[in-house]
Amino acid sequence: MRPLVRRTAAAAAVIGALLLTRRLTMTWGTRDGEPSDVLPGDEIVPQAEAVATRAVSIEAPPREVWRWLVQLGQGRGGFYSYEWLENLVGCDIQNADRIDPQWQHLAVGDDVRLHPDLALRVAAIVPERHLVLRGAGPVEASAPPYDFSWSFVLRPAPDGGTRLIVRERYGYTRWWAGAVVEPVQPVSFVMSAGMLRGIRDRAEGRVGATNA
């Protein structure tokens, strides 16, 4: 019995560690209550099987953070994360270190590209408050097996800074969708954390210039 008990205890420890790690990466940077807060865009994927909410504090007002946020996209300002990783899969990303006036305008229905051949669509936008992107729509032969929303929410902080909260929601449209979504969550965490730090550093003036 003792070997069985040891194996069971070891398996339980591994499972517990994996669950804890998953929770930490899916809520990285958040404060009490933020992972459960209702955010703009939640209604797009109301029944989400996977949700990641991540956040960062920025020592700059929302209007400054917004200027970097609205530039997101391939062929625009990039994603301020690890472009060398993105470019390994052909994304052709170049992260901007300046504000470019030609990238300061987005409207509902506009595309924000992740890759030259893959775009998300602007579902909602309120300047200096939030930007919501939507991925897969109705299920088609070539569509991913999930619906997806990506929300970027700016909250003014009492000290004049900003809380930037980013949420991904995945609604599975195929029974096997979890086998596609779950394995990429560690990569999503690494890239999202890098993006949040990249936006923070630019808005705080640590990277490049703030004007074209």
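**A short tour: patch, strands, salt bridges**

Let's start at one residue. Leu88 sits in helix 3. A word of caution before we go on: this is a predicted model.

Is Leu88 buried or exposed? Leu88 counts as exposed, because its relative accessibility is 64% and the cut-off for exposed is over 50%.

Trp84, Leu85, Leu88, Val89 and Val190 form a nonpolar patch on the surface. Together they have about 520 Å² of accessible area. Which element gives the largest share of that patch? Helix 3, residues 83-88, with three residues.

Now to the strands. Strand 1 covers residues 50-58. Strand 1 is mostly covered: seven of its nine residues are buried. What is strand 1 joined to? To strand 6, residues 162-172. The two run antiparallel, and nine bridges join them. For a spot to look at, take Ala52 in your view. Opposite Ala52 stands Glu168, in strand 6. One general point here. In a regular strand, side chains alternate between the two faces of the sheet.

Next, the charges. Side chains of opposite charge can pair when their charged atoms come close. How many salt bridges does the structure hold? The count is 12. I'll show you a few.

The first stop is Asp111 and Arg121. Their side chains meet in a salt bridge, at 3.0 Å from N to O. Asp111 lies in strand 2, residues 111-115, and Arg121 in strand 3, residues 118-126, so the pair ties together parts that are 10 residues apart in sequence. How covered are the two partners? Asp111 is partly exposed, because its relative accessible area is 34%. Arg121 is partly exposed too, at 47% relative accessibility.

The next stop is around Asp201. Here Arg200 and Asp201 meet through their side chains in a salt bridge, 3.0 Å from N to O. Both Arg200 and Asp201 are buried. For Asp201, the relative accessible area is 17%, and buried means under 20%.

Asp201 has another partner. Which one? Arg206, with the closest N and O atoms 3.3 Å apart. Arg206 counts as exposed, because its relative accessibility is 54%. Now widen the view. Salt bridges that share partners join Arg200, Asp201, Glu204 and Arg206 into one network.

To recap: a nonpolar surface patch that includes Leu88, strand 1 joined to strand 6, and a salt-bridge network that includes Asp201.

Conventions
Residues numbered from 1 in each chain as written. Predicted model: local features only at pLDDT ≥ 70, side-chain atom pairs only at ≥ 80, totals over all residues. Heavy atoms only, no water. Buried < 20%, exposed > 50% of the residue type's maximum accessible area, 1.4 Å probe, protein only. Helix = DSSP H or I, 4+ residues; strand = E, 2+ residues; numbered from the N terminus. Pairing = 2+ DSSP bridges. Patch = residues over 30% accessible without salt bridge, like charges linked within 9 Å, V, L, I, M, F, W, Y side chains within 5 Å. Areas by Shrake-Rupley, 256 points an atom, 1.4 Å probe, with all protein chains shown as cover. Salt bridge = Lys/Arg side-chain N within 4 Å of Asp/Glu carboxyl O.
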